[in-house]
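Hello,

Here is the structure for you to look through. Please open it first, then read my notes below.

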Amino acid sequence: MSDCDSLDQIEVLSFKFIEDGYHDRQTNILRVVAKCTSLHILYLQGNLLNVRDLTNLQTFEALKKIDLSSNQLESLPPGHIFAGLRSLQFLYLHNNNVNKW
């Protein structure tokens, strides 16, 4: 996937990254997915994501549900990330090591 602009009608995506030692690949895919402005549901559970990987989430104004469970989150993303998520209703963070609110 090189450009998600042509996929603006996608409303639900589920990603499961393969553990191959190339964490930057995960971050790059999320950067591309951030262009899918019609997303309502995004499943990213079990992907070894950390809080730095979530910086592109702020562009998902239509996102209603995001599952970030079973990743490597130790804290919540900064407030400005959530400020862009105007439609967010459900945020799943279980099975992470969130120790800083």
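Start with L93, which sits in the segment after β4. Keep in mind that this is a predicted model. Is L93 buried or exposed? L93 is buried, because its relative accessible area is 18% and the cut-off for buried is under 20%. What does L93 touch, leaving out residues up to four places away in sequence? The answer is L68, S69, L73 and L76. I66 and L93 are 27 residues apart along the chain. Their C-alpha atoms are separated by 9.0 Å.

Now the overall layout. The protein chain has two helices and four strands. In sequence order, the pattern reads β-α-β-β-α-β. The chain has 101 residues, and 36% of them count as buried. Next, take the contacts between residues at least 6 apart in sequence. Of these, 65% join residues at least 24 apart.

On to the core. The largest nonpolar core has 20 residues. Which of them touch the most other members? They are L39, L42, L44, L57, F60 and L68. Pick L39 and trace its contacts. Setting aside neighbours within four places in sequence, L39 meets I10, E11, V12 and L13. L39 is also in contact with V33, F60, A62 and L63.

Then the empty space. Rolling a probe the size of a water molecule over the atoms shows where such space is left. How many cavities of 30 Å³ or more turn up in a search of the whole structure? The search finds one. The largest cavity has a volume of about 40 Å³. Its lining is made up of L30, L44, D53, L54, N56, L57 and F60. By class, that lining has five nonpolar residues, one polar and one charged.

Last, the charges. Side chains of opposite charge can pair when their charged atoms come close. The count here is one salt bridge. The side chains of E61 and R86 form it, at 3.6 Å from N to O. This pair links distant parts of the chain, 25 residues apart. E61 lies in the loop between β2 (41-43) and β3 (65-67). R86 lies in the loop between α2 (79-83) and β4 (90-92). E61 is partly exposed, with a relative accessible area of 46%. R86 counts as exposed, because its relative accessible area is 63% and the cut-off is over 50%.

Best wishes

Note on methods:
Residues numbered from 1 in each chain as written. Predicted model: local features only at pLDDT ≥ 70, side-chain atom pairs only at ≥ 80, totals over all residues. Heavy atoms only, no water. 1 Å grid on protein atoms, 1.4 Å probe; cavity = no way out; pocket = protein on both sides within 12 Å on 5 of 7 lines; lining within 4 Å. Points joined across faces, edges and corners; volume = space filled by probe spheres on them. Nonpolar A, V, L, I, M, F, W, Y, C, P; charged D, E, K, R; others polar. Core = buried A, V, L, I, M, F, W, Y, C linked by side-chain atoms within 4.5 Å. Buried < 20%, exposed > 50% of the residue type's maximum accessible area, 1.4 Å probe, protein only. Contact = heavy atoms within 4.5 Å. Salt bridge = Lys/Arg side-chain N within 4 Å of Asp/Glu carboxyl O.
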